[in-house]
Amino acid sequence: MNFLEKRIARDGIVKEGNVLKVDSFLNHQMDIALFDEMGREWKKRFEGNKITKILTIEASGIGIAAVAAMHFKVPVVFAKKAKSINLEGEMYVAEVESFTHKTKNQVIVSKKFLDQDDRVLVIDDFLANGCALQGLIQIVQSAGAAIEGIGIAVEKGFQPGGRMIRNLGYKLESLAIVDGMDPATGEITFREQ
Ligand code: 5GP
């Protein structure tokens, strides 16, 4: 097991409804030394890629992306969840269905912070059905920028997002891929990488 898999095995809590709770170290209380190690690992995995910007989505992606950006030495932009708005002129807009809340949000990024010269690394905490990533990809495409890769902390490999994103041809680097989890026993199985 790698460092993140070990931490998930130790502190992750399996909930009903295919939800893995990692709020003691990843998305509520944040273990910054762990984030630093994640950033270092992504930097290694995207060594050959020329990245000019990291893009993530509020809220849980921001901390991880910010620490990762110390390794890439590039700015972080996060997509903001917006109320129904009409700012198409100044903003890139995409629609994202929330896995955890089952609601639809528009997410927006100001056109000031992403353009056709950018080579983007997309970072997020979880990959489940892939809705969040599809929204972020749509925003990068609207900007005419290039996606150099996608870095995910925890991919739930038994849900369809990972396969869908790889089939689209993106370089997807998930630091931990959970292939199964049992709410009754709390057991978590990781994919060999
Ligand atoms: P997707 O859009 O791929 O279906 O889901 C990704 C988003 O949903 C992530 O940004 C994350 O916030 C949330 N999410 C999905 N699955 C889980 C999970 O098992 N645990 C937690 N804590 N968040 C999740």
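I started with Asp31 and Arg7, whose side chains meet in a salt bridge at 2.6 Å, N to O. For the notebook, a salt bridge is a side-chain nitrogen of Lys or Arg within 4 Å of a carboxyl oxygen of Asp or Glu. Asp31 sits in the loop between strand E2 (19-21) and helix H2 (32-45) and Arg7 in helix H1 (residues 3-11), so the pair ties together parts that are 24 residues apart in sequence. Helices (H or I, at least four residues) and strands (E, at least two) are DSSP runs, numbered from the N terminus.

A note on the source: this is a predicted model, in which local features need pLDDT of at least 70 and side-chain atom pairs count only at pLDDT 80 or more, while totals for chains, interfaces and linings use all residues. Residues are numbered from 1 along each chain as its sequence is written, and side-chain values use heavy atoms, with hydrogens and water left out.

Next I checked burial, where buried means under 20% relative accessible area, exposed over 50%, and partly exposed in between (1.4 Å probe, protein chains only). Arg7 is buried at 17%, and Asp31 is partly exposed at 21%.

Which residues are linked with this pair in a network of salt bridges? I found Arg7, Arg10, Asp11 and Asp31 linked in one. Within it, the side chains of Arg10 and Asp11 meet at 3.1 Å, N to O. Arg10 counts as exposed, with 62% relative accessibility, and Asp11 as partly exposed, with 22%.

I then looked at helix H2, where Glu41 and Lys44 both lie, three residues apart, about one turn of the helix. They form a salt bridge too, with the closest N and O atoms 3.5 Å apart. Glu41 is buried at 18% relative accessible area, whereas Lys44 is exposed at 55%. My tally for the structure is 12 salt bridges.

On to the strands. Is strand E7 (residues 119-127) mostly covered or mostly open? Mostly covered: eight of its nine residues are buried. I looked up its partners, using the rule that two strands pair if DSSP finds at least two bridges between them. Strand E3 (residues 53-57) runs parallel to E7, joined by three bridges, and Ile54 stands opposite Leu121 in E7. Eight bridges join E7 to strand E8 (residues 146-156), again a parallel pair. There I noted Val120 opposite Ile147 in E8.

I followed the chain between those two strands: E7, helix H4 (residues 131-143) and E8 make a right-handed β-α-β unit. Right-handed here means that, with the strands pointing away from the viewer, the path from the first strand over the helix to the second runs clockwise.

Ala132 lies in helix H4 and is partly exposed, with a relative accessible area of 22%. Leaving aside neighbours within four places in sequence, I see Ala132 in contact (heavy atoms within 4.5 Å) with Val96 and Asp124. I also took the C-alpha separation of Ala132 and Phe99: 8.4 Å, for residues 33 apart along the chain.

Lys102 lies over its face, at 4.5 Å from the ring centre; the test is NZ of Lys or CZ of Arg within 6 Å of the ring centre and within 35 degrees of the ring normal.
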